[in-house]
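The stops below can be selected by residue number.

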Amino acid sequence: MKLFRVCLTSLLVLAVACGDSTSPETPDAGQSRPDAGAGVPDAGSEQDDAGTEPADAGSEPPDSGTEPTDAGTEPTDAGTEPTDAGSGATDAGSEPTDAGSGTDAGTEPSAGNVIDNGGFEQWPNALPALWSGGESNIEEVQKVTTQVFEGVNAARLINTSGTHRRFTTAAKSMPAGKYSCTYQARGTGEVRNAWFGTTYSSYSGYTSLSGQTWTQVTYNFNLANPIFDTFELIFSVRNTTGEHVVIDNVRCVRAPEACDQISCEEWARCDNATATCQPLSGRCDDASDCREWQACDATHTCVTAADRCTRHADCAGTPETPLCDTASHLCIEGDPCAGVTCSNPATSCNPSTGVCELAEGACFTTYDCKGALPACDPATRRCVAAEHSANIIRNGGFESWSTRAIPYYGNNYVPDYWYGLDNGITDPGSEIKPSRLARYTNAVHGGSAALQFVVPIQTAERFTTEKFNVAAGNYSCSYRVRGHGSIRHRSYSSGGWSPQTDFITVDSDEWQPVFFKFTGNVRDWRLFFYPSRSVADRDHLQVDDVVCTKD
(Lines give C-alpha, C1' and ligand atoms only; values in the text may rest on other atoms or scores of the structure.)
Protein backbone atom coordinates (compact mmCIF):
# COMPACT_ATOMS: atom_id res chain seq x y z
CA MET A 1 0.00 0.00 0.00
CA LYS A 2 2.81 2.39 0.90
CA LEU A 3 4.54 1.62 -2.41
CA PHE A 4 1.27 2.26 -4.27
CA ARG A 5 0.90 5.68 -2.65
CA VAL A 6 4.45 6.67 -3.62
CA CYS A 7 3.85 5.65 -7.23
CA LEU A 8 0.52 7.51 -7.33
CA THR A 9 2.15 10.65 -5.98
CA SER A 10 4.89 10.45 -8.56
CA LEU A 11 2.34 10.12 -11.35
CA LEU A 12 0.45 13.22 -10.14
CA VAL A 13 3.65 15.28 -9.99
CA LEU A 14 4.52 14.17 -13.50
CA ALA A 15 1.02 15.06 -14.76
CA VAL A 16 1.17 18.55 -13.27
CA ALA A 17 4.61 19.15 -14.74
CA CYS A 18 3.40 18.13 -18.17
CA GLY A 19 0.30 20.34 -17.88
CA ASP A 20 2.40 23.47 -17.07
CA SER A 21 4.23 23.19 -20.34
CA THR A 22 1.03 24.08 -22.24
CA SER A 23 -0.32 26.72 -19.81
CA PRO A 24 -2.02 29.75 -21.53
CA GLU A 25 -0.22 32.00 -19.02
CA THR A 26 3.10 31.65 -20.83
CA PRO A 27 2.56 34.68 -23.11
CA ASP A 28 2.66 38.10 -21.41
CA ALA A 29 -0.73 38.82 -19.88
CA GLY A 30 -2.58 41.19 -22.12
CA GLN A 31 -0.49 40.27 -25.19
CA SER A 32 -2.03 38.30 -28.05
CA ARG A 33 -0.23 35.25 -29.37
CA PRO A 34 0.99 36.91 -32.58
CA ASP A 35 2.42 39.75 -30.46
CA ALA A 36 4.07 37.31 -28.13
CA GLY A 37 5.40 35.43 -31.10
CA ALA A 38 6.90 38.55 -32.62
CA GLY A 39 8.25 39.75 -29.34
CA VAL A 40 9.55 36.51 -27.74
CA PRO A 41 11.89 36.82 -26.20
CA ASP A 42 10.08 40.07 -25.32
CA ALA A 43 12.98 41.39 -23.34
CA GLY A 44 15.31 40.21 -26.05
CA SER A 45 13.65 42.32 -28.69
CA GLU A 46 14.15 45.34 -26.43
CA GLN A 47 17.90 44.92 -26.81
CA ASP A 48 17.46 45.17 -30.55
CA ASP A 49 15.19 48.19 -30.04
CA ALA A 50 17.70 49.77 -27.74
CA GLY A 51 20.38 48.81 -30.20
CA THR A 52 18.66 50.83 -32.93
CA GLU A 53 18.82 53.96 -30.76
CA PRO A 54 22.32 54.98 -31.95
CA ALA A 55 20.94 55.10 -35.49
CA ASP A 56 18.08 57.23 -34.23
CA ALA A 57 20.46 59.33 -32.23
CA GLY A 58 22.75 59.56 -35.21
CA SER A 59 19.95 60.98 -37.30
CA GLU A 60 19.21 63.57 -34.63
CA PRO A 61 21.91 66.15 -35.53
CA PRO A 62 20.23 66.93 -38.87
CA ASP A 63 16.95 67.03 -36.96
CA SER A 64 18.28 69.35 -34.31
CA GLY A 65 20.16 71.22 -37.00
CA THR A 66 16.86 72.28 -38.50
CA GLU A 67 15.65 73.53 -35.14
CA PRO A 68 17.20 77.05 -35.31
CA THR A 69 14.61 77.97 -37.93
CA ASP A 70 11.99 76.52 -35.59
CA ALA A 71 12.19 79.29 -33.01
CA GLY A 72 14.88 81.89 -32.62
CA THR A 73 16.25 80.30 -29.44
CA GLU A 74 16.74 76.81 -30.83
CA PRO A 75 20.56 76.67 -30.78
CA THR A 76 20.33 76.18 -27.01
CA ASP A 77 17.76 73.42 -27.58
CA ALA A 78 19.92 71.90 -30.29
CA GLY A 79 22.83 71.82 -27.92
CA THR A 80 20.92 69.51 -25.60
CA GLU A 81 19.93 67.10 -28.38
CA PRO A 82 22.74 64.54 -27.96
CA THR A 83 21.85 64.15 -24.28
CA ASP A 84 18.15 63.74 -25.11
CA ALA A 85 18.90 61.27 -27.88
CA GLY A 86 21.36 59.36 -25.74
CA SER A 87 18.80 58.93 -23.01
CA GLY A 88 16.59 57.12 -25.47
CA ALA A 89 18.26 53.81 -24.62
CA THR A 90 16.96 54.13 -21.08
CA ASP A 91 13.47 54.77 -22.44
CA ALA A 92 13.68 51.74 -24.65
CA GLY A 93 14.85 49.60 -21.77
CA SER A 94 11.97 50.61 -19.60
CA GLU A 95 9.35 49.87 -22.25
CA PRO A 96 8.53 46.30 -21.19
CA THR A 97 7.38 47.63 -17.82
CA ASP A 98 5.17 50.20 -19.58
CA ALA A 99 3.85 47.62 -21.97
CA GLY A 100 2.93 45.34 -19.15
CA SER A 101 1.39 47.99 -16.96
CA GLY A 102 -0.78 49.58 -19.62
CA THR A 103 -0.61 52.94 -17.89
CA ASP A 104 -1.37 54.70 -21.17
CA ALA A 105 -4.70 52.94 -21.50
CA GLY A 106 -6.80 56.06 -20.91
CA THR A 107 -6.94 59.44 -22.58
CA GLU A 108 -5.09 60.99 -19.63
CA PRO A 109 -1.34 61.25 -20.25
CA SER A 110 0.85 59.09 -18.00
CA ALA A 111 3.09 60.76 -15.44
CA GLY A 112 5.02 63.56 -17.12
CA ASN A 113 3.57 62.83 -20.56
CA VAL A 114 1.80 65.85 -22.04
CA ILE A 115 0.26 63.92 -24.97
CA ASP A 116 -3.31 62.84 -24.37
CA ASN A 117 -4.25 59.30 -25.47
CA GLY A 118 -0.67 58.74 -26.61
CA GLY A 119 -1.27 54.98 -26.69
CA PHE A 120 -4.37 55.32 -28.93
CA GLU A 121 -6.37 53.25 -26.45
CA GLN A 122 -9.46 55.42 -26.63
CA TRP A 123 -10.94 55.05 -30.11
CA PRO A 124 -14.64 55.94 -29.89
CA ASN A 125 -15.31 56.40 -33.61
CA ALA A 126 -13.38 56.29 -36.88
CA LEU A 127 -10.49 58.24 -35.32
CA PRO A 128 -8.68 58.03 -31.96
CA ALA A 129 -9.85 60.41 -29.26
CA LEU A 130 -7.91 63.68 -28.88
CA TRP A 131 -6.17 63.25 -32.24
CA SER A 132 -6.77 64.45 -35.82
CA GLY A 133 -6.53 68.15 -35.00
CA GLY A 134 -7.28 71.04 -37.31
CA GLU A 135 -3.93 70.76 -39.10
CA SER A 136 -4.44 67.07 -39.99
CA ASN A 137 -4.86 66.40 -43.69
CA ILE A 138 -4.06 62.69 -43.96
CA GLU A 139 -6.88 60.84 -45.68
CA GLU A 140 -6.76 57.46 -43.93
CA VAL A 141 -6.03 56.45 -40.34
CA GLN A 142 -6.80 52.91 -39.15
CA LYS A 143 -7.05 51.23 -35.77
CA VAL A 144 -4.49 48.46 -35.26
CA THR A 145 -5.25 45.77 -32.66
CA THR A 146 -2.54 43.17 -33.39
CA GLN A 147 1.19 43.39 -32.84
CA VAL A 148 0.76 46.64 -30.91
CA PHE A 149 3.63 47.96 -28.84
CA GLU A 150 1.63 48.40 -25.63
CA GLY A 151 -1.98 48.23 -24.54
CA VAL A 152 -4.51 47.00 -27.09
CA ASN A 153 -4.45 49.60 -29.91
CA ALA A 154 -2.05 51.42 -32.20
CA ALA A 155 -2.62 53.77 -35.18
CA ARG A 156 -1.83 53.04 -38.83
CA LEU A 157 -1.10 56.11 -41.00
CA ILE A 158 -1.62 55.57 -44.73
CA ASN A 159 -0.20 57.85 -47.42
CA THR A 160 1.19 56.06 -50.46
CA SER A 161 2.04 59.28 -52.31
CA GLY A 162 5.41 61.01 -52.23
CA THR A 163 3.75 64.21 -50.97
CA HIS A 164 3.66 64.24 -47.17
CA ARG A 165 0.42 64.26 -45.20
CA ARG A 166 -0.07 65.39 -41.61
CA PHE A 167 -1.63 63.55 -38.67
CA THR A 168 -1.81 65.70 -35.53
CA THR A 169 -2.95 65.77 -31.95
CA ALA A 170 -6.04 67.77 -31.07
CA ALA A 171 -5.24 71.42 -30.35
CA LYS A 172 -4.33 72.21 -26.74
CA SER A 173 -2.39 74.70 -24.62
CA MET A 174 1.30 74.10 -23.90
CA PRO A 175 3.61 75.98 -21.49
CA ALA A 176 6.95 77.26 -22.71
CA GLY A 177 9.89 74.91 -22.28
CA LYS A 178 12.01 72.15 -23.78
CA TYR A 179 10.22 68.95 -24.68
CA SER A 180 11.64 65.47 -25.33
CA CYS A 181 9.36 63.14 -27.28
CA THR A 182 9.59 59.45 -28.15
CA TYR A 183 7.23 57.13 -29.97
CA GLN A 184 7.34 53.61 -31.37
CA ALA A 185 6.99 53.03 -35.12
CA ARG A 186 7.03 50.09 -37.50
CA GLY A 187 5.87 49.23 -41.05
CA THR A 188 7.08 50.63 -44.35
CA GLY A 189 7.31 54.31 -45.14
CA GLU A 190 8.80 57.57 -43.91
CA VAL A 191 7.80 59.61 -40.87
CA ARG A 192 8.99 62.93 -39.43
CA ASN A 193 7.73 65.45 -36.88
CA ALA A 194 7.01 69.13 -36.32
CA TRP A 195 4.58 71.20 -34.30
CA PHE A 196 2.01 73.87 -34.98
CA GLY A 197 1.23 76.87 -32.77
CA THR A 198 0.11 79.85 -34.78
CA THR A 199 2.53 78.86 -37.57
CA TYR A 200 4.39 75.68 -38.48
CA SER A 201 7.77 74.84 -36.96
CA SER A 202 10.49 73.36 -39.15
CA TYR A 203 10.30 69.58 -39.68
CA SER A 204 12.75 67.00 -38.37
CA GLY A 205 14.49 64.67 -40.82
CA TYR A 206 12.51 61.67 -42.08
CA THR A 207 12.95 58.30 -40.36
CA SER A 208 12.68 55.46 -42.92
CA LEU A 209 10.86 52.36 -41.67
CA SER A 210 11.01 48.85 -43.11
CA GLY A 211 9.80 45.80 -41.22
CA GLN A 212 7.67 44.77 -38.28
CA THR A 213 10.22 45.45 -35.53
CA TRP A 214 9.25 48.42 -33.39
CA THR A 215 11.69 51.32 -33.71
CA GLN A 216 11.81 54.08 -31.15
CA VAL A 217 11.90 57.55 -32.76
CA THR A 218 13.03 60.60 -30.80
CA TYR A 219 11.89 64.16 -31.47
CA ASN A 220 12.78 67.21 -29.37
CA PHE A 221 11.50 70.76 -29.61
CA ASN A 222 11.56 74.02 -27.72
CA LEU A 223 8.67 76.41 -27.09
CA ALA A 224 10.14 79.83 -26.40
CA ASN A 225 6.70 81.11 -25.38
CA PRO A 226 3.54 79.43 -24.11
CA ILE A 227 0.94 78.46 -26.71
CA PHE A 228 -2.72 78.81 -25.84
CA ASP A 229 -5.32 76.43 -27.33
CA THR A 230 -3.58 75.92 -30.70
CA PHE A 231 -0.63 73.56 -30.14
CA GLU A 232 -0.66 70.39 -32.29
CA LEU A 233 2.10 67.75 -32.47
CA ILE A 234 2.55 66.74 -36.13
CA PHE A 235 3.35 63.34 -37.63
CA SER A 236 4.24 63.80 -41.31
CA VAL A 237 4.24 60.60 -43.42
CA ARG A 238 4.85 59.69 -47.06
CA ASN A 239 5.63 56.71 -49.33
CA THR A 240 3.82 54.18 -47.13
CA THR A 241 3.24 50.61 -48.39
CA GLY A 242 2.34 47.19 -47.01
CA GLU A 243 1.68 47.67 -43.30
CA HIS A 244 2.19 51.40 -43.93
CA VAL A 245 3.37 53.41 -40.88
CA VAL A 246 2.11 52.17 -37.51
CA ILE A 247 2.76 54.34 -34.42
CA ASP A 248 2.18 53.72 -30.73
CA ASN A 249 3.14 54.94 -27.25
CA VAL A 250 3.62 58.65 -28.08
CA ARG A 251 5.23 60.41 -25.14
CA CYS A 252 6.40 64.03 -24.74
CA VAL A 253 7.91 65.21 -21.46
CA ARG A 254 8.74 68.80 -20.57
CA ALA A 255 12.11 69.31 -18.87
CA PRO A 256 11.76 70.86 -15.39
CA GLU A 257 12.86 74.49 -15.15
CA ALA A 258 13.96 76.63 -12.25
CA CYS A 259 10.97 78.94 -12.70
CA ASP A 260 8.35 76.19 -12.50
CA GLN A 261 7.95 76.77 -8.78
CA ILE A 262 8.17 80.58 -8.91
CA SER A 263 5.15 82.85 -9.31
CA CYS A 264 5.66 86.42 -10.55
CA GLU A 265 3.42 89.48 -10.66
CA GLU A 266 1.64 90.17 -13.94
CA TRP A 267 4.20 92.83 -14.83
CA ALA A 268 7.16 90.46 -14.48
CA ARG A 269 8.41 87.14 -15.85
CA CYS A 270 10.65 84.57 -14.20
CA ASP A 271 14.16 84.26 -15.63
CA ASN A 272 15.30 80.64 -15.55
CA ALA A 273 18.97 81.62 -15.56
CA THR A 274 18.64 83.45 -12.23
CA ALA A 275 15.36 81.96 -10.95
CA THR A 276 14.15 85.51 -10.22
CA CYS A 277 11.25 87.65 -11.41
CA GLN A 278 12.34 90.30 -13.91
CA PRO A 279 10.13 93.16 -15.23
CA LEU A 280 8.67 92.80 -18.69
CA SER A 281 9.60 95.31 -21.36
CA GLY A 282 8.15 98.69 -20.42
CA ARG A 283 7.30 97.50 -16.88
CA CYS A 284 9.21 98.16 -13.68
CA ASP A 285 9.70 97.42 -10.01
CA ASP A 286 11.18 100.88 -9.46
CA ALA A 287 12.56 103.78 -11.53
CA SER A 288 15.90 102.01 -11.97
CA ASP A 289 14.15 99.60 -14.38
CA CYS A 290 13.10 102.52 -16.63
CA ARG A 291 14.96 104.99 -18.81
CA GLU A 292 16.47 108.04 -17.14
CA TRP A 293 13.63 110.30 -18.29
CA GLN A 294 10.91 107.93 -17.06
CA ALA A 295 9.27 107.14 -13.74
CA CYS A 296 7.74 103.89 -12.47
CA ASP A 297 4.04 104.41 -11.74
CA ALA A 298 1.70 102.56 -9.38
CA THR A 299 0.88 99.97 -12.05
CA HIS A 300 4.59 99.13 -12.44
CA THR A 301 4.68 100.75 -15.87
CA CYS A 302 7.47 103.01 -17.11
CA VAL A 303 5.89 106.40 -17.94
CA THR A 304 7.19 109.84 -18.85
CA ALA A 305 8.35 111.63 -15.71
CA ALA A 306 6.47 114.76 -14.66
CA ASP A 307 9.24 117.15 -15.71
CA ARG A 308 10.17 115.31 -18.94
CA CYS A 309 8.56 114.84 -22.36
CA THR A 310 8.40 112.64 -25.43
CA ARG A 311 6.19 114.90 -27.57
CA HIS A 312 5.19 118.54 -27.73
CA ALA A 313 1.84 117.81 -26.10
CA ASP A 314 3.70 116.88 -22.88
CA CYS A 315 4.87 120.50 -22.70
CA ALA A 316 1.40 122.06 -23.01
CA GLY A 317 1.37 122.78 -19.28
CA THR A 318 4.46 124.99 -19.56
CA PRO A 319 3.57 127.76 -22.09
CA GLU A 320 7.02 129.35 -21.74
CA THR A 321 8.66 126.09 -22.90
CA PRO A 322 6.13 124.49 -25.28
CA LEU A 323 8.67 122.58 -27.40
CA CYS A 324 9.84 119.06 -26.52
CA ASP A 325 13.51 118.36 -27.22
CA THR A 326 13.35 114.67 -28.10
CA ALA A 327 17.09 114.22 -27.51
CA SER A 328 17.06 115.36 -23.87
CA HIS A 329 13.33 114.81 -23.27
CA LEU A 330 13.13 118.29 -21.77
CA CYS A 331 10.62 121.08 -22.49
CA ILE A 332 12.35 124.08 -24.06
CA GLU A 333 11.42 127.39 -25.67
CA GLY A 334 10.28 127.36 -29.27
CA ASP A 335 7.30 126.96 -31.62
CA PRO A 336 5.99 123.40 -32.07
CA CYS A 337 4.45 124.38 -35.42
CA ALA A 338 7.64 125.91 -36.84
CA GLY A 339 8.40 124.22 -40.12
CA VAL A 340 5.17 122.17 -40.09
CA THR A 341 3.18 122.33 -43.35
CA CYS A 342 -0.31 120.84 -43.52
CA SER A 343 -1.00 119.66 -47.06
CA ASN A 344 -4.70 118.94 -46.56
CA PRO A 345 -6.92 122.07 -46.53
CA ALA A 346 -9.07 120.50 -43.81
CA THR A 347 -6.16 120.42 -41.37
CA SER A 348 -4.06 122.95 -39.50
CA CYS A 349 -1.14 122.71 -37.10
CA ASN A 350 -2.16 122.42 -33.47
CA PRO A 351 0.19 124.72 -31.52
CA SER A 352 0.02 122.43 -28.49
CA THR A 353 1.03 119.29 -30.34
CA GLY A 354 2.83 120.46 -33.48
CA VAL A 355 0.73 117.97 -35.42
CA CYS A 356 -1.60 118.63 -38.37
CA GLU A 357 -5.10 117.99 -37.08
CA LEU A 358 -8.60 118.50 -38.39
CA ALA A 359 -9.31 122.20 -38.13
CA GLU A 360 -12.30 123.53 -36.24
CA GLY A 361 -15.41 123.13 -38.41
CA ALA A 362 -13.48 121.15 -41.08
CA CYS A 363 -14.18 117.59 -42.17
CA PHE A 364 -12.94 114.71 -44.26
CA THR A 365 -16.38 113.03 -44.27
CA THR A 366 -19.74 113.53 -42.58
CA TYR A 367 -18.42 111.32 -39.76
CA ASP A 368 -16.32 114.33 -38.67
CA CYS A 369 -19.39 116.61 -38.38
CA LYS A 370 -20.63 115.87 -34.89
CA GLY A 371 -21.77 119.34 -33.89
CA ALA A 372 -24.63 121.59 -34.98
CA LEU A 373 -23.68 121.33 -38.68
CA PRO A 374 -24.15 117.64 -39.56
CA ALA A 375 -23.09 117.37 -43.24
CA CYS A 376 -19.64 117.53 -44.86
CA ASP A 377 -19.30 119.52 -48.09
CA PRO A 378 -16.69 117.56 -50.13
CA ALA A 379 -15.86 120.66 -52.16
CA THR A 380 -14.79 122.83 -49.23
CA ARG A 381 -14.19 120.15 -46.56
CA ARG A 382 -16.31 122.16 -44.16
CA CYS A 383 -19.26 121.03 -42.04
CA VAL A 384 -22.55 122.47 -43.33
CA ALA A 385 -26.26 122.35 -42.50
CA ALA A 386 -28.54 119.50 -43.57
CA GLU A 387 -30.17 121.75 -46.19
CA HIS A 388 -26.86 122.17 -48.05
CA SER A 389 -26.73 120.85 -51.62
CA ALA A 390 -23.99 118.39 -50.63
CA ASN A 391 -26.66 116.37 -48.80
CA ILE A 392 -28.30 113.91 -51.22
CA ILE A 393 -31.22 113.30 -48.82
CA ARG A 394 -33.93 115.66 -49.93
CA ASN A 395 -35.61 117.51 -47.04
CA GLY A 396 -33.32 115.66 -44.61
CA GLY A 397 -34.04 118.30 -41.95
CA PHE A 398 -37.85 117.79 -42.21
CA GLU A 399 -38.35 121.52 -42.73
CA SER A 400 -40.87 121.18 -45.59
CA TRP A 401 -44.28 119.50 -45.06
CA SER A 402 -47.44 119.36 -47.16
CA THR A 403 -50.80 117.64 -47.33
CA ARG A 404 -51.14 114.88 -49.93
CA ALA A 405 -53.16 111.79 -50.59
CA ILE A 406 -51.85 108.51 -49.13
CA PRO A 407 -53.45 105.31 -50.47
CA TYR A 408 -55.95 103.82 -48.01
CA TYR A 409 -55.43 106.72 -45.56
CA GLY A 410 -56.78 109.76 -47.44
CA ASN A 411 -55.14 113.18 -47.21
CA ASN A 412 -52.36 113.50 -44.64
CA TYR A 413 -49.77 116.05 -43.55
CA VAL A 414 -46.37 114.45 -44.20
CA PRO A 415 -42.79 115.64 -44.88
CA ASP A 416 -41.97 116.30 -48.52
CA TYR A 417 -39.85 113.67 -50.35
CA TRP A 418 -40.70 111.14 -47.64
CA TYR A 419 -43.37 108.51 -47.18
CA GLY A 420 -42.26 106.52 -50.22
CA LEU A 421 -45.02 104.22 -51.39
CA ASP A 422 -45.00 100.42 -51.26
CA ASN A 423 -45.23 98.95 -54.75
CA GLY A 424 -44.88 95.28 -53.85
CA ILE A 425 -42.45 92.84 -52.23
CA THR A 426 -39.63 93.74 -54.63
CA ASP A 427 -40.28 97.47 -54.26
CA PRO A 428 -41.02 98.09 -50.57
CA GLY A 429 -42.16 101.43 -49.21
CA SER A 430 -43.72 102.98 -46.11
CA GLU A 431 -46.20 100.95 -44.09
CA ILE A 432 -46.48 103.18 -41.02
CA LYS A 433 -49.80 104.93 -40.55
CA PRO A 434 -49.47 108.62 -41.53
CA SER A 435 -51.19 109.53 -38.29
CA ARG A 436 -48.08 108.30 -36.43
CA LEU A 437 -46.00 111.10 -38.03
CA ALA A 438 -45.96 114.71 -36.81
CA ARG A 439 -44.01 117.91 -37.44
CA TYR A 440 -42.13 118.57 -34.21
CA THR A 441 -40.88 122.01 -33.14
CA ASN A 442 -40.44 121.75 -29.36
CA ALA A 443 -36.79 120.75 -29.75
CA VAL A 444 -34.83 120.49 -32.99
CA HIS A 445 -31.26 119.66 -33.94
CA GLY A 446 -31.11 122.01 -36.91
CA GLY A 447 -33.51 124.35 -38.68
CA SER A 448 -36.99 124.90 -37.30
CA ALA A 449 -38.58 121.44 -37.38
CA ALA A 450 -37.96 117.75 -36.81
CA LEU A 451 -39.96 114.53 -37.36
CA GLN A 452 -41.84 112.95 -34.47
CA PHE A 453 -42.72 109.23 -34.44
CA VAL A 454 -45.63 108.29 -32.18
CA VAL A 455 -45.39 104.47 -32.25
CA PRO A 456 -46.33 103.15 -28.78
CA ILE A 457 -46.42 99.55 -30.04
CA GLN A 458 -43.80 96.77 -30.00
CA THR A 459 -43.99 96.09 -33.73
CA ALA A 460 -41.74 98.37 -35.79
CA GLU A 461 -43.29 99.94 -38.89
CA ARG A 462 -41.39 101.02 -42.02
CA PHE A 463 -41.03 104.66 -42.93
CA THR A 464 -38.99 105.55 -46.00
CA THR A 465 -37.81 108.32 -48.29
CA GLU A 466 -39.08 108.47 -51.83
CA LYS A 467 -36.69 106.51 -54.05
CA PHE A 468 -34.04 108.22 -56.19
CA ASN A 469 -30.88 107.31 -58.09
CA VAL A 470 -27.43 107.66 -56.49
CA ALA A 471 -24.28 108.31 -58.50
CA ALA A 472 -21.18 106.14 -58.12
CA GLY A 473 -19.04 106.73 -55.05
CA ASN A 474 -18.83 106.08 -51.33
CA TYR A 475 -21.26 107.93 -49.10
CA SER A 476 -21.10 108.76 -45.38
CA CYS A 477 -24.43 109.30 -43.65
CA SER A 478 -25.84 110.26 -40.26
CA TYR A 479 -29.02 111.25 -38.51
CA ARG A 480 -29.86 112.58 -35.06
CA VAL A 481 -32.37 110.95 -32.71
CA ARG A 482 -33.76 111.77 -29.25
CA GLY A 483 -36.80 110.93 -27.08
CA HIS A 484 -37.81 107.53 -25.74
CA GLY A 485 -38.22 104.36 -27.80
CA SER A 486 -36.39 102.07 -30.25
CA ILE A 487 -35.30 102.66 -33.83
CA ARG A 488 -33.10 101.16 -36.52
CA HIS A 489 -32.40 101.93 -40.19
CA ARG A 490 -31.70 100.16 -43.46
CA SER A 491 -31.54 101.00 -47.18
CA TYR A 492 -32.79 99.33 -50.35
CA SER A 493 -32.02 99.91 -54.05
CA SER A 494 -31.37 98.14 -57.32
CA GLY A 495 -28.35 96.69 -55.51
CA GLY A 496 -30.58 94.99 -52.93
CA TRP A 497 -30.91 95.41 -49.19
CA SER A 498 -28.13 96.81 -47.03
CA PRO A 499 -27.13 94.72 -43.99
CA GLN A 500 -29.71 94.83 -41.23
CA THR A 501 -28.74 97.01 -38.28
CA ASP A 502 -29.64 96.45 -34.63
CA PHE A 503 -32.31 98.45 -32.88
CA ILE A 504 -31.03 101.44 -30.92
CA THR A 505 -32.65 102.06 -27.54
CA VAL A 506 -33.19 105.79 -27.04
CA ASP A 507 -34.04 107.39 -23.69
CA SER A 508 -32.64 110.93 -23.63
CA ASP A 509 -33.53 114.55 -24.32
CA GLU A 510 -30.10 115.00 -25.94
CA TRP A 511 -29.67 114.52 -29.67
CA GLN A 512 -27.60 111.41 -30.40
CA PRO A 513 -25.82 110.93 -33.75
CA VAL A 514 -26.07 107.66 -35.66
CA PHE A 515 -23.56 107.08 -38.48
CA PHE A 516 -23.50 104.65 -41.42
CA LYS A 517 -22.05 104.28 -44.92
CA PHE A 518 -23.14 102.90 -48.29
CA THR A 519 -21.85 102.63 -51.86
CA GLY A 520 -23.60 104.42 -54.72
CA ASN A 521 -23.98 103.67 -58.45
CA VAL A 522 -27.51 102.33 -57.80
CA ARG A 523 -31.06 103.11 -58.91
CA ASP A 524 -34.19 103.57 -56.81
CA TRP A 525 -32.29 104.04 -53.53
CA ARG A 526 -34.32 104.75 -50.43
CA LEU A 527 -33.62 104.95 -46.68
CA PHE A 528 -35.87 103.17 -44.17
CA PHE A 529 -36.53 103.91 -40.52
CA TYR A 530 -38.13 101.32 -38.22
CA PRO A 531 -39.47 103.09 -35.07
CA SER A 532 -41.23 101.24 -32.24
CA ARG A 533 -41.97 101.22 -28.50
CA SER A 534 -42.12 105.01 -28.19
CA VAL A 535 -43.02 106.44 -24.79
CA ALA A 536 -44.82 109.74 -24.10
CA ASP A 537 -42.57 110.78 -21.18
CA ARG A 538 -40.06 112.25 -23.70
CA ASP A 539 -42.53 113.05 -26.47
CA HIS A 540 -42.03 109.65 -28.08
CA LEU A 541 -39.23 109.56 -30.73
CA GLN A 542 -37.84 112.47 -32.77
CA VAL A 543 -35.46 112.29 -35.76
CA ASP A 544 -33.74 115.25 -37.43
CA ASP A 545 -30.98 116.17 -39.91
CA VAL A 546 -30.77 113.01 -42.00
CA VAL A 547 -27.73 113.51 -44.25
CA CYS A 548 -25.67 111.51 -46.77
CA THR A 549 -22.69 113.12 -48.48
CA LYS A 550 -20.17 111.79 -50.97
CA ASP A 551 -16.75 111.12 -49.46
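**Salt bridges and other stops**

There are 16 salt bridges in this structure, which is a predicted model.

Start by selecting Glu 243 and Arg 186. They form a salt bridge, with 3.5 Å between the closest N and O atoms. Glu 243 belongs to strand E7 and Arg 186 to strand E5 (residues 177-196), so this pair ties together parts 57 residues apart in sequence.

The side chain of Asn 249 makes a polar contact of 2.9 Å with the side chain of Arg 251. Asn 249 has a relative accessible area of 1% and is therefore buried, the cut-off being under 20%.

Next, select Asp 260 and Arg 254. Their side chains meet in a salt bridge, 2.9 Å from N to O. Asp 260 is partly exposed, with a relative accessible area of 35%.

Move on to Glu 461 and Arg 436, whose side chains form a salt bridge with an N to O distance of 3.1 Å. Glu 461 sits in the loop between strand E21 (450-453) and strand E22 (463-464), and Arg 436 in the loop between strand E19 (410-415) and strand E20 (437-440), so the pair ties together parts 25 residues apart in sequence. Glu 461 is buried at 14% relative accessible area, and Arg 436 is buried at 16%.

Then select Arg 482, Asp 507, Asp 509 and Arg 538 together; a network of salt bridges links them.

Cys 383 counts as buried, at 13% relative accessibility. Beyond its neighbours within four places in sequence, Cys 383 has contacts that include Cys 363, Cys 369, Asp 368 and Leu 373. Lys 370 is 13 residues from Cys 383 in sequence, with 8.9 Å between the two C-alpha atoms.

Finally, zoom out to the whole chain. It has six helices and 28 strands, and 43% of its 551 residues count as buried. Among contacts with a separation of 6 or more, 63% are between residues 24 or more positions apart.

Colour by confidence as a last step. The chain has a mean pLDDT of 84, and 79% of its residues reach 70 or more. Over residues 1-106 the pLDDT is below 50, and this stretch has 100 contacts in the model beyond near neighbours in sequence.

Terms used:
Residues numbered from 1 in each chain as written. Predicted model: local features only at pLDDT ≥ 70, side-chain atom pairs only at ≥ 80, totals over all residues. Heavy atoms only, no water. Helix = DSSP H or I, 4+ residues; strand = E, 2+ residues; numbered from the N terminus. Buried < 20%, exposed > 50% of the residue type's maximum accessible area, 1.4 Å probe, protein only. Contact = heavy atoms within 4.5 Å. pLDDT = per-residue confidence, 0-100. Polar contact = N/O pair within 3.5 Å; in protein donor to acceptor, adjacent residues only side chain to side chain. Salt bridge = Lys/Arg side-chain N within 4 Å of Asp/Glu carboxyl O.
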